[in-house]
Amino acid sequence: MHELRVFPESIMVEKVDQSQESNAGDYPNSATDSDKAVDLVVDALRSHSLNGGSEVEENKQLVPRQRVRIIGLDKRVDLNGTEGTILHWVDGVSRWAVRCDKDDSDVRVRPENLEVLPSQTSIVASSPSTAVDAMTDSSLRMRALIGKSTNAEDTRWQFSRHISQHWPQNGSHEARFQQLQRLKPQQGGVLPIALVLQAETDSPVSQLCKGQVIGGGILRDLREYASKDVLEFHNNGGHACFMMTVVVDKELRGCGYGKRLTIGLEDAARDRAFEYVYLASEVNGYWMARGYTPLPEHIKPFAGKFPWMRKKI
């Protein structure tokens with residue numbers, strides 16, 4: 001029997017054999033596994049219900065990835081009649097982020113100014129079929145989050161939401177978003193960098209929509225996290241990076257997206273001339289099957305309670 005396990009901030013493993021699985025944790029924090037995916041909208045409505053019941057009533061028919069039409073705007077009348085796709089709920093401003101079909105721009109719209117397109121009411125009511133093969137989904141691409149264009153900002157917002165939902169004890173959604181906004185390669189370098197797996201077009205094999213962030217991860221300089229033991233073991237960290245905060249949307253697990261994302265992160269490291277990827281995880285069997293090897297027992301990581309592994313890429 002297989003089941004999905006979620007591991008805090010270091011590595012998310014998509015499927016793990018129960019005979020091998022064990023709790024794995026964040027570097028440097030830890031959290032417990034989720035039993036089931038929690039709808040993004042439920043989270044949003046729960047948080048906003050503290051401010052009154054009207055928003056709950058208005059939002060209950062709208063969900064991410066739904067196809068909608070913008071109506072009844074007084075100031076932006078040019079947007080009335082525009083069709084698009086709901087991306088996510090925007091905390092603090094009580095609006096839905098919507099990607100417009102006509103020019104790929106992202107706008108924030110009140111619930112009362114959105115109507116669901118015919119036959120789209122329940123298009124995302126269920127998770128994707130496990131028959132979907134993420135490895136052959138031609139709509140997916142890896143994207144490096146560099147720069148502050150409108151679309152990059154929305155992409156960071158989606159990625160930070162996935163992170164904060166998995167590890168709420170490590171910071172709010174807004175705090176995570178601000179961290180990603182500030183994350184950029186150091187002068188003359190290529191790290192740190194955040195990368196996401198994103199649908200470049202509407203998926204031909206699943207319900208993924210254009211612009212949707214499936215998951216992401218961060219590559220950082222090994223020297224920021226490694227102990228003296230690790231650096232000496234790896235010749236002072238030359239040509240090696242540390243992979244962390246790897247996460248996939250809770251609604252999209254069990255279809256190979258975690259594997260697709262991990263391969264994409266390894267490819268990104270290789271493209272940046274790194275020869276080794278290090279990570280911290282307790283699920284040794286899973287990662288050993290993917291070519292990762294545990295560090296010798298006498299090697300003590302700088303921090304974190306979970307074993308370190310590495311892979312030559």
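Predicted model: local features only at pLDDT ≥ 70, side-chain atom pairs only at ≥ 80, totals over all residues.
Strands β12 and β14 pair in the antiparallel sense over five bridges, where two strands are said to pair if DSSP finds at least two bridges between them, and where strands (E, at least two residues) and helices (H or I, at least four residues) are DSSP runs numbered from the N terminus. Within this pair, Tyr276 stands opposite Lys312 in β14. Strands of a sheet pair through backbone hydrogen bonds, either parallel or antiparallel. The two strands belong to an open sheet of seven strands, in the order β8-β9-β10-β11-β12-β14-β13, with mixed pairing. At its edges are β8 (140-144) and β13 (293-294), each of which pairs on one side only.

Residues are numbered from 1 along each chain as its sequence is written, and side-chain values use heavy atoms, with hydrogens and water left out.

Strand β14 also holds Arg310. What is the nearest side chain of opposite charge to Arg310, which is buried yet has no salt bridge? That side chain is Glu275, 8.7 Å away; here Lys and Arg count as positive and Asp and Glu as negative, whereas His and the chain ends are not counted. A salt bridge is a side-chain nitrogen of Lys or Arg within 4 Å of a carboxyl oxygen of Asp or Glu, and buried means under 20% relative accessible area, exposed over 50%, and partly exposed in between (1.4 Å probe, protein chains only). Arg310 does have a polar contact of 2.9 Å, side chain to side chain, with His234. A polar contact is a pair of N or O atoms within 3.5 Å; within protein, one must be able to donate a hydrogen and the other to accept it, and residues adjacent in sequence count only if both atoms are side-chain atoms. Leaving aside neighbours within four places in sequence, the residues in contact with Arg310 (heavy atoms within 4.5 Å) include Phe233, Tyr276, Tyr278 and Leu295.

Lys312 counts as exposed, at 55% relative accessibility, and Glu275 as partly exposed, at 37%.

Altogether the structure holds 13 salt bridges. Side chains of opposite charge can pair when their charged atoms come close. Some of these bridges share partners, and in this way Arg67, Arg69, Glu83, Asp101 and Glu115 are joined into one network. In helix α5 (residues 228-233), Lys228 forms a salt bridge with Glu232, the closest N and O atoms being 4.0 Å apart; the two residues are four apart in the helix and therefore separated by about one helical turn. Both Lys228 and Glu232 are exposed. In the salt bridge of Asp221 with Arg223, where the closest N and O atoms are 2.9 Å apart, Asp221 is buried at 19% relative accessible area, whereas Arg223 is exposed at 53%.

Another part of the structure is built around strand β5 (residues 95-100), which is mostly covered, five of its six residues being buried. Strand β4 (residues 83-90) runs antiparallel to β5 and is joined to it by six bridges, with Trp89 standing opposite Trp96 in β5. Four residues lie between the strands of this hairpin, where Gly92 takes a positive phi near 95°. Strand β6 (residues 106-109) also pairs with β5 in the antiparallel sense, over four bridges, and here Val98 stands opposite Val107 in β6. The hairpin of β5 and β6 has five residues between the strands, and in it Asp104 takes a positive phi near 65°.
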